[in-house]
Amino acid sequence: MTRALGLCFMLLAGAAAAPRPAAAQAAAPVLAQGVRAYDDLDLDGAAGLIRRALSMQGTGALTPAEGDRALMYLAATELLRDHADSARAVARRLIVANPRFRPDELVFPPQVLTFYEGVRRATPAVIGRAPADTAIRPGTEALTVRLYASTFHDVTATLARDDGRVLRTLYSGPVGDSLDLHWNGLDSSGTAPPPNGRYAITVTSLDRQRRAVRILRVPLEVTQGRVDTLPHPAPPADSLLLPERQPMGPGLRAFAPAALAGVAIVVLPGVVANGEDASGARFVVGGTVTVAGLVAFFSHHPGRSIPANAAHNRTLRDAWRREDADVARRNAERARGMLGIRAGTPVLLTPEAP
Amino acid sequence: MTRAVVLVFLVVTSTAQAQSGWKVSFGVSGGPEIARWRFGTTRERVSGLVLGGEAVAARGHLVARLRYGQGRVTNDTAGRDVAEGEALLGYKARPWLTVWVGPHARTFVVPGQSDRRWLFWSGRVSARGTLFPGRVESFVDLWQGVTGSLNRPAESASGGGAEAGLVVRLARHPVWGRLAYRIEQGRATAVGRRETVEAVTLTVGFDR
């Protein structure tokens with residue numbers, strides 16, 4: 001007897017400890033029961049079952065698609081139960097969660113479809129989809145966030161710091177079915193990426209009175225990559241540049257021998273024949289030599305510009321400047337580096353009930 | 001002696017002409033010359049025209065030069081003939097620098113008296129500078145007598161001189177001209193004689 005009781009206890013304990021897969025899928029069957037109740041026009045039962053299915057959490061909870069379907073059936077049920085306010089609240093919840101949802105026209109009666117369409121048009125909201133983890137080259141590439149709208153309305157999209165300060169306004173205007181938001185990875189100056197940190201793309205839906213009715217916040221985590229820059233090209237070497245003006249050197253080299261000879265003619269008589277008064281004839285020769293030297297000096301046109309050489313040098317310098325500017329531009333691009341962007345789960349906030 | 005030097009030089013230059021690699025040039029010159037004597041307290045100044053000629057032969061770094069001039073210098077009271085010449089052998093240490101050695105002589109001939117001749121063995125340096133390449137050059141010559149003598153009265157002598165000027169060559173023609181100023185002084189200190197000669201010389205020559 002004692003052994004039989006022990007065996008029974010172990011079986012019960014084992015049964016209690018065993019996993020229960022049925023519980024993990026509990027919401028879906030309950031939803032199915034609710035839908036059947038709706039089809040049987042057991043509206044009270046349907047409302048209860050569907051609410052029960054929606055309230056289930058954890059691994060047995062409804063999938064997003066099942067949740068959308070459950071909310072639609074619940075809205076239809078409440079409408080048919082003449083609970084218009086409740087139906088409107090449920091429909092609004094569905095629209096905010098999935099603006100793209102449209103009820104099946106073969107399943108729901110026109111009365112429900114019309115009601116849902118009216119609520120949808122009166123409920124401006126957007127949801128956004130951004131790549132979870134991506135990298136862009138600031139200035140040349142862009143992060144794209146696709147917005148889906150419940151209805152045509154105006155939105156304002158900004159990039160803000162984690163503390164709420166707006167960094168850039170990405171878009172301001174109407175949105176119909178969908179809209180792509182682009183952020184090129186640059187800050188408000190438009191020249192450099194923002195420092196590493198947490199940011200958020202905030203999309204504010206506005207009603208017809210331009211009041212903020214909903215705010216979609218897509219958190220971003222921005223990380224800059226390492227930068228390798230190119231060396232700037234060296235300016236043209238002096239050996240490549242041609243003189244742009246006639247130098248003084250050749251002229252002076254031509255004048256110097258004449259000057260030396262002229263001075264020698266004037267001075268040497270005093271050295272060679274000290275004490276004698278040399279005749280003035282030497283000045284004729286000395287003057288002639290000096291004049292010849294001056295003619296030689298000016299024949300080299302010292303200081304005169306050389307247009308061909310100036311053009312040659314200008315070509316070299318322009319080429320160098322272009323190359324330098326190109327390197328500077330490429331370095332600026334590299335300085336921006338690759339910007340890593342990690343997008344978090346979008347959050348939809350409702351400042352006040354519409 | 002001058003005639004012997006001229007003869008030797010002509011032999012050399014004519015031989016040089018017969019061989020390749022030699023450059024030879026000839027020139028004729030003329031110009032006023034002023035000579036001053038100082039002998040004790042006696043001073044005398046004469047001037048006149050001196051005409052002459054020269055020949056130069058060069059090969060590689062070696063150069064030989066012969067100059068000879070002759071004329072008459074006078075003043076209000078006296079006149080005398082003058083003959084002067086030099087025979088130099090030079091070495092081109094640089095394209096612009098030549099070093100010379102050789103005799104340098106000048107003789108004054110006074111009617112009724114024996115000739116008075118200065119003779120120096122001199123060392124000389126010539127420097128050339130280009131004003132217009134191949135066309136115009138300036139030059140400066142400096143010389144100093146290593147040994148020297150005066151024949152009347154017979155004394156040893158010292159002396160030196162300088163010459164500077166301009167050489168112009170015609171384009172595409174082997175003709176050249178030279179304008180030069182020259183001053184030389186010989187001193188026989190034992191007898192108190194000093195003689196200074198100045199000359200402006202215009203030379204026209206040609207290269208062969």
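User: Which residues does Ala70(A) touch, not counting residues up to four places away in sequence?
Analyst: This is a predicted model. Ala70(A) is among the residues with the most contacts inside the largest nonpolar core. Beyond four places in sequence, Ala70(A) touches Leu31(A), Ile50(A), Ala53(A), Leu54(A) and Leu62(A).

User: How many residues does the second, separate core have?
Analyst: Its members include Phe255(A), Ile265(A) and Leu268(A). Ala164(B) also belongs to it. The count for this second core is 25 residues.

User: Which helix gives the largest share of the side of chain A that touches chain B?
Analyst: In the contact between the chains, 24 residues of chain A meet 25 residues of chain B. On the chain A side, two elements give two or more residues: helix 8 (248-272) and helix 9 (281-299). The largest share is 11 residues, and it comes from helix 8 of chain A.

User: How many residues on the side of chain A that touches chain B are nonpolar?
Analyst: That side also holds 3 polar residues and 2 charged ones. The nonpolar count is 19.

User: Which residues of helix 6 of chain A are buried?
Analyst: Helix 6 runs over residues 84-97 of chain A. Its 14 residues reach 20 Å from first C-alpha to last, close to the 20 Å expected. The cover over its buried residues includes helix 5 and helix 7 (110-121) of chain A. The buried residues are Ala87(A), Val90(A), Ala91(A), Arg92(A), Leu94(A) and Ile95(A).

User: Where in chain A does pLDDT stay under 50?
Analyst: Across chain A the mean pLDDT is 85, and 90% of residues reach 70 or more. One stretch stays under 50, and the model has 3 contacts beyond four places in sequence for it. That stretch is residues 4-24 of chain A.

User: Which residue is the bridge partner of Gly90(B) in strand 5 of chain B?
Analyst: Strand 4 of chain B pairs with strand 5 (residues 97-109) in the antiparallel sense over 11 bridges. A hairpin of 2 residues joins these strands. The partner of Gly90(B) is Trp100(B).

User: Which residue in strand 4 of chain B does Val73(B) stand opposite?
Analyst: Strand 3 (residues 62-74) and strand 4 (residues 79-94) of chain B pair in the antiparallel sense over 13 bridges. The hairpin between them passes through 4 residues. Opposite Val73(B) stands Arg80(B).

User: Which residue does a cis peptide bond join to Arg152(B)?
Analyst: Most peptide bonds are trans. Here omega is about -10°. The cis bond joins Arg152(B) to Pro153(B).

User: Is Leu41(A) buried or exposed?
Analyst: Leu41(A) lies in the loop between helix 3 (27-39) and helix 4 (43-55) of chain A. Its phi is positive, about 60°, although it is not a glycine. Because Leu41(A) has 10 C-beta neighbours inside 10 Å, it counts as exposed.

User: How many other C-beta atoms lie within 10 Å of Arg210(A)?
Analyst: Arg210(A) is found in the loop between strand 7 (197-206) and strand 8 (212-224) of chain A. It has a positive phi of about 60°. Arg210(A) is exposed, and the number of other C-beta atoms within 10 Å is 9.

Definitions and conventions
Residues numbered from 1 in each chain as written. Chains lettered and ligands numbered in written order. Predicted model: local features only at pLDDT ≥ 70, side-chain atom pairs only at ≥ 80, totals over all residues. Core = buried A, V, L, I, M, F, W, Y, C linked by C-beta atoms within 7 Å. Buried ≥ 20, exposed ≤ 12 C-beta atoms within 10 Å, placed from the backbone. Contact = placed C-beta atoms within 7 Å. Nonpolar A, V, L, I, M, F, W, Y, C, P; charged D, E, K, R; others polar. Expected span 1.5 Å × (residues − 1). pLDDT = per-residue confidence, 0-100. Pairing = 2+ DSSP bridges.
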